[in-house]
Amino acid sequence: MGHVFFAPDILTRQELPLEESQHCIRVLRLQEGDEILVSDGCGHLVSALIVEAHPKHCRLKILNTNIQEATWSQFIHIAMAPTKNMDRNEWFVEKATEIGINKISFLNCRFSERKEIKITRIEKILVAAMKQSLKAVLPKVEGIINFDKFIQEPFEGQKFIAHCHCQEKENLCKAYKPQENVLILIGPEGDFSEAEVEKANAQGFQSISLSHSRLRTETAALNACQTIHIVNDMS
């Protein structure tokens, strides 16, 4: 049973949404009596039987419901300035979801190359990546928000800003304290401005480095996400 579908209200409405129904019946050609897995994005992974194979409203019968515990206990939040090439933003979103992340935000910074982003497209990629990696929790995504406003929002946990300016800073793997919630800011290709770094530091964000190499925005963001998991796994 390798097919996983997304239905946010599966526990109250035993039916796949339109798009999922079409994929299930028209694309995969599943039939009545076939068993599938359904995630509600909130931690429930449901085993269900197809009782009406209709491409617009595929009705199901729930066989059993499992609560999937996340493989990590801390809250991981990455806030990055989106790249000009949308494919690279989508690549990060997909891979971070597969690795494990709780929230993704997009920042409007001084040197940002992209000022707008289609959240509906990002949400579809999140859902696809969640299903592909057999996860039951859908990461949250936040549309573009002004940098100055974002850094003033409360966050219970460690806060970091990754940048390339000449400033004393530790590598994330040493600066991060294992098993704690974490928020990491990743700047645009032109980096954060010095003023932005100073503002973030004043709001409690610790300056960090991610690598001896200069990384693209999406590579740096994924590196940060993976580093948190590695540090926690080794603690």
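Predicted model: local features only at pLDDT ≥ 70, side-chain atom pairs only at ≥ 80, totals over all residues.

Reader: Which residues of helix 1 are buried, and on which side of helix 1 are they?
Author: An α-helix has 3.6 residues a turn, so residues three or four places apart point the same way. In helix 1, which spans residues 18-27, the buried residues are Glu 20, Ser 21, Cys 24 and Ile 25. Because these residues cover an arc of only 110° around the axis, they lie on the same side of helix 1.

Reader: Against which elements do the buried residues of helix 1 pack, and which exposed residues does the face turned away carry?
Author: The buried residues of helix 1 pack against strand 1 (4-6), strand 3 (44-52) and helix 3 (119-132). On the face turned away from that buried side, the exposed residues are Glu 19 and Val 27.

Reader: Which residue forms a salt bridge with Glu 20, and is Glu 20 buried or exposed?
Author: Glu 20 has a relative accessibility of 10%, and because buried means under 20%, Glu 20 counts as buried. Its partner lies in helix 3 while Glu 20 lies in helix 1, so the pair ties together parts that are 111 residues apart in sequence. The closest N and O atoms of this salt bridge are 3.0 Å apart, and the partner is Lys 131.

Reader: How many residues apart in sequence are the parts that Asp 148 and Lys 199 tie together?
Author: The side chains of Asp 148 and Lys 199 meet in a salt bridge, with 3.1 Å from N to O. Asp 148 lies in helix 4 (residues 147-150) and Lys 199 in helix 6, so the parts they tie together are apart in sequence by 51 residues.

Reader: How far from Asp 191 is the nearest side chain of opposite charge, and which residue does that side chain belong to?
Author: Side chains of opposite charge can pair when their charged atoms come close. Asp 191, placed in the loop between strand 10 (182-186) and helix 6 (194-202), is buried yet has no salt bridge. The nearest side chain of opposite charge is 5.2 Å away and belongs to Arg 214.

Reader: Which backbone nitrogen does the side chain of Asp 191 reach?
Author: Leaving aside neighbours within four places in sequence, Asp 191 is in contact with several residues, among them Phe 111, Ala 162 and His 163. Cys 164 is also one of these contacts, and the side chain of Asp 191 reaches, at 2.8 Å, the backbone nitrogen of Cys 164.

How values were computed. Residues numbered from 1 in each chain as written. Heavy atoms only, no water. Helix = DSSP H or I, 4+ residues; strand = E, 2+ residues; numbered from the N terminus. Buried < 20%, exposed > 50% of the residue type's maximum accessible area, 1.4 Å probe, protein only. Lys, Arg positive; Asp, Glu negative; His and termini not counted. Salt bridge = Lys/Arg side-chain N within 4 Å of Asp/Glu carboxyl O. Polar contact = N/O pair within 3.5 Å; in protein donor to acceptor, adjacent residues only side chain to side chain. Contact = heavy atoms within 4.5 Å. Arc of directions from axis to C-beta.
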